[in-house]
Amino acid sequence: MTEFPPGFLWGASTAPHQIEGNNLNSDFWASEGRIPGMERSGDACDSYHRYREDMRLLADAGLNAYRFGIEWARIEPVPGMVSRAELAHYRRMIETAFELGLTPVVTLHHFTSPLWFAQEGGWLGDRAVERFRAYAEAVTPILDGVEWVVTMNEPNMLAIMTGMAQAMRDRQASGEWQSPTLDNEGPRPPLPAPDVKIGERLVEAHHAVREVLRERTGAKVGWTVANRAFVARPGAEEKKRELEYVWEDLYLEGARGDDFVGVQSYSSQWVGPDGIEPHPQHPDNTLVGTAYRPDALAIAVRHTAEVTGGMPILVTENGIATRDDTRRIAYTGEALKHLQAAIADRDRDRDRDRVDVRGYLHWSLLDNYEWGHWAPTFGLVEVDRETFERRPKPSLAWLGETARRGLN
């Protein structure tokens, strides 16, 4: 079994809307409480004020990287008005990471947008790419020294969310809110496939911002893709390839020419001749209704490497929704062993690794707001919703020790 390479990033990830609290000018905040079944984010984990404490937990555990996001709705609360104070806030976060010995992996867009952007038509609006580019131009001055920048988180899931929001506006959808991060549970319908036209618009936006970042920063630029880790039943290989394009490969192909691509993997799904097979209810399922599949991470990185031509990969999210931290450690340990095996695969014809993985960032650092729900817990750290006290779980120390010593 190969060791993880020197300079490997070990850490955890978060998203601003899920942890900061009171993201008053965002489109998602405006929807909370209006849609049946959707809980409010409220103060979230109050990480807007407690980010140093959060980063210190990572550093003290022996980890060396932190992925966090910049919230567009704070930077540009109305079109064209850029908040210098908010830019300074996020620069302080970057400098705090440096101070604590953490490599910052900075995400510019993690699902949420300014409310005014949504009211203009959002990602389907005529000015969407122009607006996103202008936001990136406003942010680049604070990215000095940042090595890794993610333009957009999971555009394939964002395409689903954009389509669902459009359906809500058109009054074509009814029933309770369905979080994009919760899978099939009981009578809940499966998530719709990402709309290819929306996906193509997001690829265009990504390329526009990639150009800005390359002109104005020295950062490596990429985006992250939610990998479904599809596995075909006998005779369903063609159906699998068809679904992979709609769900993943459109976005992985859009990453070609980037400096890296982020892999985000939690579980795997079977594909039969008729399509994706609904995963049945089972005692081993996670809190979001997905199968317990730590092997999915290796499936994901291998597929990503194949489609992108061996592009450098950061595992930007991998984890499990569970209340049992012993199970979290077991899942993560097994996922990392599968990741090691994927890295160990050699392309003998080219004398190089088939899968070039540069880091592993666990989802999530904190138990946080899970896009309409508070019940699923992914964190290495528990957060008291009343006092905001951070209570590190054994999994945080375990991951830090794994980073120091490697897997047994």
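User: In which loop does Asp 46 lie?

Analyst: This is a predicted model, where local features need pLDDT of at least 70, side-chain atom pairs count only at pLDDT 80 or more, and totals for chains, interfaces and linings use all residues. Residues are numbered from 1 along each chain as its sequence is written, and side-chain values use heavy atoms, with hydrogens and water left out. Helices (H or I, at least four residues) and strands (E, at least two) are DSSP runs, numbered from the N terminus. On that numbering, Asp 46 is in the loop between helix 2 (27-31) and helix 3.

User: What is phi of Asp 46?

Analyst: The residue is not a glycine, yet its phi is positive. The value for Asp 46 is near 55°.

User: Why do helix 10 and helix 11 count as oblique to each other?

Analyst: Axes are lines fitted to C-alpha atoms, for helices over the stretch in contact, and angles run from 0 to 180 degrees between N-to-C directions. Helix 10 (residues 237-254) and helix 11 (residues 296-308) pack with their axes 9 Å apart, at an angle of about 55°. Angles under 35 degrees count as roughly parallel, over 145 as roughly antiparallel, 65 to 115 as roughly perpendicular and the rest as oblique. Helix 10 and helix 11 are therefore oblique.

User: Which residues of helix 11 meet helix 10?

Analyst: Contact means heavy atoms within 4.5 Å. From helix 10 come Glu 244, Glu 248, Asp 249, Leu 252 and Glu 253. Their partners in helix 11 are His 303, Thr 304, Val 307 and Thr 308.

User: Is helix 9 roughly parallel or roughly antiparallel to helix 10?

Analyst: Helix 9 (residues 196-216) packs on helix 10 with axes 10 Å apart and an angle of about 25°. That makes the pair roughly parallel.

User: Which residues of helix 10 meet helix 9?

Analyst: Helix 9 contributes Val 196, Gly 199, Glu 200, Val 203, His 206, His 207 and Arg 210. On the side of helix 10, the residues are Val 246, Leu 250, Tyr 251 and Gly 254.

User: Which residues does the cis peptide bond join?

Analyst: Ser 364 is placed in the loop between strand 14 (357-363) and strand 15 (381-383). The bond has omega of about 0°. It joins Trp 363 and Ser 364.
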